Structure formats: C-alpha cells, structure tokens
Amino acid sequence: MIDIPSYQKCIQAAALQYKKHPSEMGQIVSEMLSNFEINTSSLKENESLNKRSSFEIDSHKLLPDLFTESTHPLMKSIHDCAQSLCWRPSGFGKLPPEITNHVAVVEIVGPDGMLIDLRLRFGLLLQDPHVIYAKHQHAAEELYFVLSGIASWAVDDDELSKRDEREFIHHAKNQPHQMRTNDQPLLAMWAWLGDIGSESYSI
C-alpha cells in the first residue's frame, strides 16, 4: 500500500514545477495536479497494481545515488515514494527488446496509473546510459522535466542536441521525437494531456 501523504506531497511538488513552464499545457497540468486528491476512487485499482512484480532496468540500482546527489526538492519528494513505485516497460508493449530492456516508466496518475485519473497521465521515466529511445510519436501532447542526467533529444527530423538537468522538453501532439543517453542514466518527469489513449503510440 502506498503512503498517501508522501504521494500527495510528490504530486503537489510536481504541480509547482509544471507551473514554471510557460505553455498552456504546463499550466493545465499544474492545475490538475494541484487539485488532485488521493481518495477511495483514485485508489480503487491500486491494490492490484502493487501486487505486480516491479519491472527493473540496470539503472534502478543507481537511483539511491541520484536521490542523494540531487538538491532539487522534487527529488526529495520522489525519493519518499521510491520504494512503492510500480515501474513497467515503456512503450505500451510496442518497443523492440533493445529499448524495452533499458527504459522503464512509472505512471503515478493516469488511466493505467497507480492513482486513477482519466484526464491526464503523469509519471517518471528512467533510461539506462548509452541507449537510444528511437523516434516515436503519440496523439497526446507531452511535457518532460529532466530531474537527473544529461541526454540528447530531437524532434521531427532535427539533429539530437544536449539537454541539461532541470530543463523542460515539450512535444506537440503527433510530433516525432527521440532521446539518447550518454554516460549517465536519465531520470525525467513526464505528463501527457489531450488524447492520452495508448492506441496512438507508434514507433
């Protein structure tokens, strides 16, 4: 069972971070998360989700160090929830093994989340070093915030370019994008808004 106060603090901390992004999406996600309350309705599927074996990649063993080294308040909030996060493979089962085995996500809030909400998806992504998450797209608008790790990102047919910790990366709906890690694992917060169904995800 999750520690409700810790998760509520984590969601509120994420809301404050998304509010700093000037896009309309950033403001909407911030408001939704600010007003999200963990209750009987949002928890109704949580028990079955927590009975699953957590999916882990190599970088999970590095998470304690990432939390210790970071001074960002969001990392403290996430660390307080870390032991109960339900990680799963990224890509809704549509990725090849060379990506699936090295990229993990947890959906904290969303239709398939630990906490149920049908209006958005919000969670975390962890990607091993020296991995290319190949070009993919989805109907949902997406907003990442890099918590730890310097990685290269690209949209459409642009060249990959380095993005630092504490940067936002905003993807429009149906916009192809990819990311490549270098010597460090990537830990990022993400949100989907709009058409958040998994059916549109493609690679």
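Helices and strands are DSSP runs numbered from the N terminus, a helix being a run of H or I with at least four residues and a strand a run of E with at least two. The model shown in these views is predicted.

**View A. The fold of the whole protein chain, as context for the close-ups.** The protein chain contains 7 helices and 11 strands. Its radius of gyration is 16 Å, close to the 17 Å that the globule rule gives for 203 residues, so the protein chain is as compact as a globular protein of that length. Taken along the principal axes, the box filled by the C-alpha atoms is roughly 45 × 35 × 30 Å. Of the 203 residues, 53% are buried, and among the contacts with a separation of 6 or more, 72% are made by residues 24 or more positions apart. The accessible surface is about 9600 Å², and carbon and sulfur atoms contribute 50% of that surface. The chain carries 18 positive and 28 negative charges, whose mean positions lie 3 Å apart.

**View B. The aromatic pair of Y18 and F168.** The count for the model comes to 6 aromatic pairs, one of which joins Y18 and F168. The centres of these two rings are 6.3 Å apart and their planes stand at 40 degrees, so the pair is classed as tilted. Y18 belongs to helix 1 (residues 4-18) and F168 to strand 9 (residues 168-171), so that the pair links parts of the chain that are 150 residues apart. Y18 is buried, with a relative accessible area of 0%, and F168, at 16% relative accessibility, also falls under the 20% limit and therefore counts as buried.

View C. F92 and Y201 form an edge-to-face pair, with 5.8 Å from centre to centre and 70 degrees between the planes. This pair, too, links distant parts of the chain, 109 residues apart, since F92 sits in the loop between strand 1 (88-89) and helix 7 (97-100), while Y201 sits in the segment after strand 11 (186-193). The relative accessible area of F92 is 30%, which makes F92 partly exposed, whereas Y201 is buried at 4%. Ring pairs join F92 and Y201 with W190 and W192 into a cluster.

View D. L43 lies in helix 3, which spans residues 40-43, and is buried, with a relative accessible area of 15%. When its neighbours within four places in sequence are left aside, L43 is in contact with M1, I2, I4, I38 and L115. The C-alpha atoms of L43 and M114 are 7.4 Å apart in space, although these two residues are 71 residues apart in sequence.

View E. H130 is found in the loop between strand 4 (120-127) and strand 5 (132-136), and its phi is near 55 degrees, a positive value in a residue other than glycine. N174, in the loop between strand 9 and strand 10 (177-181), has a positive phi of about 60 degrees and is likewise not a glycine. H130 is exposed, with a relative accessible area of 58%, while N174, at 43%, is partly exposed.

Technical notes:
Residues numbered from 1 in each chain as written. Predicted model: local features only at pLDDT ≥ 70, side-chain atom pairs only at ≥ 80, totals over all residues. Heavy atoms only, no water. Rg over C-alpha atoms; globule rule 2.2 N^0.38 Å. Buried < 20%, exposed > 50% of the residue type's maximum accessible area, 1.4 Å probe, protein only. Contact = heavy atoms within 4.5 Å. Areas by Shrake-Rupley, 256 points an atom, 1.4 Å probe, with all protein chains shown as cover. Lys, Arg positive; Asp, Glu negative; His and termini not counted. Charge placed at Lys NZ, Arg CZ, Asp CG, Glu CD. Phe/Tyr/Trp six-rings, centres within 6.5 Å; stacked < 30°, edge-to-face > 60°.
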